Amino acid sequence: MKDTVFPSSRQATNGRAAAAKPSFPATKSQLYGATRPLYRPQPKPHRYRRSCCCSCCIWTTVAILILLLLAGVSAAILTLIYSPHRPTFTVSSLKVSTLKITSSSKLITNITLNVNAKNPNKELIYIYDPIAISLTTKNDVVMANGSFGPFVHGTKNNTLLKATISGGSQELDDSSAGELRVALKNKKGLLLKMKLDTKVKAKIGGLKTPKVGIRVICEGIKVTVPNGKSPSKASISNAKCKVDLRVKVWRWTF
């Protein structure tokens, strides 16, 4: 008779424990998989703000264009109804009290100037800002500066503008001083150019236009050096004045 041997329960327990243990080390994914957060894709930001800004820019541009169109149509209607004309300017008189160059090449001048402004329109009133005056030679040497005051130019009206202008004892370079000394000795006189710069707006009834720049250039004025204390009168018989509007052109960038 053979004896049957049963293994002890302790040995069986140890065997199961040995089988439960892994025979290889744990990977990083096994170690950190339980604590690693799940990836969730973030939603794309909405572009409401950008689209709102674009819409505002577009509507603003459209509104500006409509206003410009209405202004153009209004100007065309007024032009057909009232047929506005530009104002005209003429040199009435110019007297030179002082005109000399010192030994240190300083130009000293004192000039009395009268200009006649004419508004030929029946319904249109011009409103002028102060008018800057500049009297120069053909080589752009500034002889005198000054200004006329602001004024309202009524319909069918002639306005006489008066001013006394001077050179302010400006110092000339040697070349300009030499050329001017030679020109002042010429018996035919020194040829000068007058420039007037200002801004003006027009008024028709209760309607006023925006201000626009205006420049008046008068050429053909001849002056001579005064003899003694008596001022010399400039020759203005060939003087002609031209009026130019200086309208700014706006450039829009989108």
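A disulfide is a pair of cysteine sulfur atoms within 2.5 Å. Keep that cut-off in mind as you work through these exercises. The model is predicted, so local features need pLDDT of at least 70 and side-chain atom pairs count only at pLDDT 80 or more, while totals for chains, interfaces and linings use all residues. Residues are numbered from 1 along each chain as its sequence is written, and side-chain values use heavy atoms, with hydrogens and water left out.

**Exercise 1. Find the disulfide and describe its surroundings.**

Step 1: Search the whole structure, and you find 1 disulfide. This disulfide joins Cys218 to Cys241, with an S to S distance of 1.9 Å.

Step 2: Look along the chain. Cys218 belongs to strand S11 (residues 212–223) and Cys241 to strand S13, so the pair, 23 residues apart, links distant parts of the chain. Here helices (H or I, at least four residues) and strands (E, at least two) are DSSP runs, numbered from the N terminus.

Step 3: The torsion about the S-S bond of Cys218 and Cys241 is about 110°, so the disulfide is right-handed.

Step 4: Compare accessibility. Buried means under 20% relative accessible area, exposed over 50%, and partly exposed in between (1.4 Å probe, protein chains only). Cys218 is buried because its relative accessible area is 0%, whereas Cys241 is partly exposed at 26%. Another cysteine, Cys57, has 51% relative accessibility and therefore counts as exposed.

**Exercise 2. Work out which face of helix H4 is buried, and what covers it.**

Step 1: List the buried residues of H4 (residues 174–184). They are Ser176, Ala177, Leu180 and Leu184.

Step 2: Look down the axis. The buried residues of H4 fall within an arc of 95°, so they line one face of the helix. The arc is that of the directions from the helix axis to the C-beta atoms.

Step 3: Turn to the other side of H4, where Asp174 and Val182 are exposed.

Step 4: Find the cover, using contact in the sense of heavy atoms within 4.5 Å. The cover over the buried residues of H4 includes strands S1 (88–101), S2 (106–119), S4 (131–137), S5 (142–148) and S9 (190–204).

Step 5: Inspect the start of the helix. Asp173 caps the N-terminal end of H4, with a side-chain oxygen 3.1 Å from the backbone nitrogen of Ser175.

**Exercise 3. Compare Ser232 with Ser235.**

Step 1: Ser232 is in strand S12, and Ser235 is in the loop between S12 (232–233) and S13 (240–246).

Step 2: Check accessibility. Ser232 is buried because its relative accessible area is 10%, while Ser235, at 33%, counts as partly exposed.

Step 3: Look at partners beyond four places in sequence. Ser232 is in contact with residues including Leu94, Val96 and Thr224, and its side chain reaches the backbone oxygen of Thr224 at 2.7 Å. Ser235 is in contact with Gly220, Ile221 and Lys222.

**Exercise 4. Decide where to read the model with care.**

Step 1: Note that pLDDT is the predictor's confidence in each residue, from 0 to 100. The chain has a mean pLDDT of 80, and 72% of its residues reach 70 or more.

Step 2: Draw the lesson. Where pLDDT is low, the predicted coordinates should not be read in detail.

Key: A polar contact is a pair of N or O atoms within 3.5 Å; within protein, one must be able to donate a hydrogen and the other to accept it, and residues adjacent in sequence count only if both atoms are side-chain atoms.
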